[in-house]
Amino acid sequence: VNRLGLGLLNVGDTQTSILTASIGLGIMGGALFASFLCRKGWGDRSVSLGLWGIFGSLVMLGLWTGGDTHLLGFAGSIVALISMGVFAAIFAIPIQVFLQERPPANLKGRMIATMNQANFLGILISGPLYQLFEAIAGMAGWPICSVFLMMGLLVLPLAVFYRLKTK
């Protein structure tokens, strides 16, 4: 997101911070919506909805027109990043609720610890993965926003094949 704002969109630090904050705003809104969906018993379906929404948001963020012009521009990127945050919460919260609710009481602590380990493993892998995607984009002569498309390709198989079965 920083490279998108500062490099491709050529906006300053303040506008780039707004882009980054947009994800957090989306997560907050998505958390409220995910809570509603879970209370209505739609947690299973919201995971799939979240994955497809993340995929769609990443694709939109990754599109560019001829040369190094981003298709969405600054305002469109804000909308797409908010959307990505909303769908990320709609995806993640039902899974976390399921994983915390499912095990017997004496194993809940272990499950939460395992969830935390998985989250930190994802954080650890994200840096090298970003560097790989950035290198691929550079070798192909694509703008930095193409990294969002590559991330979308990682999400696509999950959206197609993964279904949370809570019952």
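Predicted model: local features only at pLDDT ≥ 70, side-chain atom pairs only at ≥ 80, totals over all residues.
How many helices and how many strands does the protein have? It has six helices and two strands, where helices (H or I, at least four residues) and strands (E, at least two) are DSSP runs numbered from the N terminus. Residues are numbered from 1 along each chain as its sequence is written, and side-chain values use heavy atoms, with hydrogens and water left out.

Let me start with the overall layout. Read from the N terminus, the order of the elements is α-α-α-β-β-α-α-α, and the C-alpha atoms fill a box of roughly 55 × 30 × 30 Å along the principal axes. Of the 167 residues, 33% count as buried, and here buried means under 20% relative accessible area, exposed over 50%, and partly exposed in between, with a 1.4 Å probe and protein chains only. If we take contact to mean heavy atoms within 4.5 Å, then among contacts between residues at least 6 apart in sequence, 70% join residues at least 24 apart.

Now to the largest pocket. Rolling a probe the size of a water molecule over the atoms shows where empty space is left. The search runs on a 1 Å grid over the protein atoms alone: a cavity is a set of points where a 1.4 Å probe fits but cannot get out, whereas a pocket is an open set with protein on both sides within 12 Å along at least five of seven lines, and lining residues have an atom within 4 Å of a point. Grid points are joined across faces, edges and corners, and a volume is the space filled by probe spheres set on the points. On that basis the largest pocket has a volume of about 1400 Å³. It is lined by 38 residues, of which Ile54, Phe91, Gly122, Ser126 and Val155 are the closest to its centre. Two or more lining residues come from each of helix 1 (2-8), helix 2 (13-39), helix 3 (43-62), helix 4 (73-101), helix 5 (108-140) and helix 6 (146-161). Which of these gives the most to the lining? Helix 5 does, with 13 residues. By residue class the lining of the largest pocket divides into 30 nonpolar, seven polar and one charged; Ala, Val, Leu, Ile, Met, Phe, Trp, Tyr, Cys and Pro count as nonpolar, Asp, Glu, Lys and Arg as charged, and the others, Gly among them, as polar.

I would next like to look at His70, which sits in strand 2 (residues 69-70). Is His70 buried or exposed? His70 counts as buried because its relative accessible area is 6%. For polar contacts, the rule asks for a pair of N or O atoms within 3.5 Å; within protein, one must be able to donate a hydrogen and the other to accept it, and residues adjacent in sequence count only if both atoms are side-chain atoms. The His70 side chain reaches the backbone oxygen of Leu61 at 2.7 Å and the backbone nitrogen of Gly73 at 3.5 Å. Leaving out residues up to four places away in sequence, His70 touches a set that includes Leu4, Leu8, Trp64, Ser77 and Cys145.

That brings in the cysteines. Cys145 is buried, at a relative accessible area of 0%, whereas Cys38 is partly exposed at 27%. A disulfide is a covalent bond between the sulfur atoms of two cysteines. With the cut-off set at a pair of cysteine sulfur atoms within 2.5 Å, the count is zero disulfides.

Phe74, in helix 4, is partly exposed at 26% relative accessibility, and, apart from residues up to four places away in sequence, Phe74 touches Leu9, Val11, Gln15, Ile18 and Leu19. Gln100 is also placed in helix 4 and is partly exposed at 35%; beyond its neighbours within four places in sequence, Gln100 is in contact with Lys108, Ile112 and Met115. Finally, Asn10, in the loop between helix 1 and helix 2, has a positive phi of about 55 degrees although it is not a glycine, and Asn10 is exposed, with a relative accessible area of 62%.
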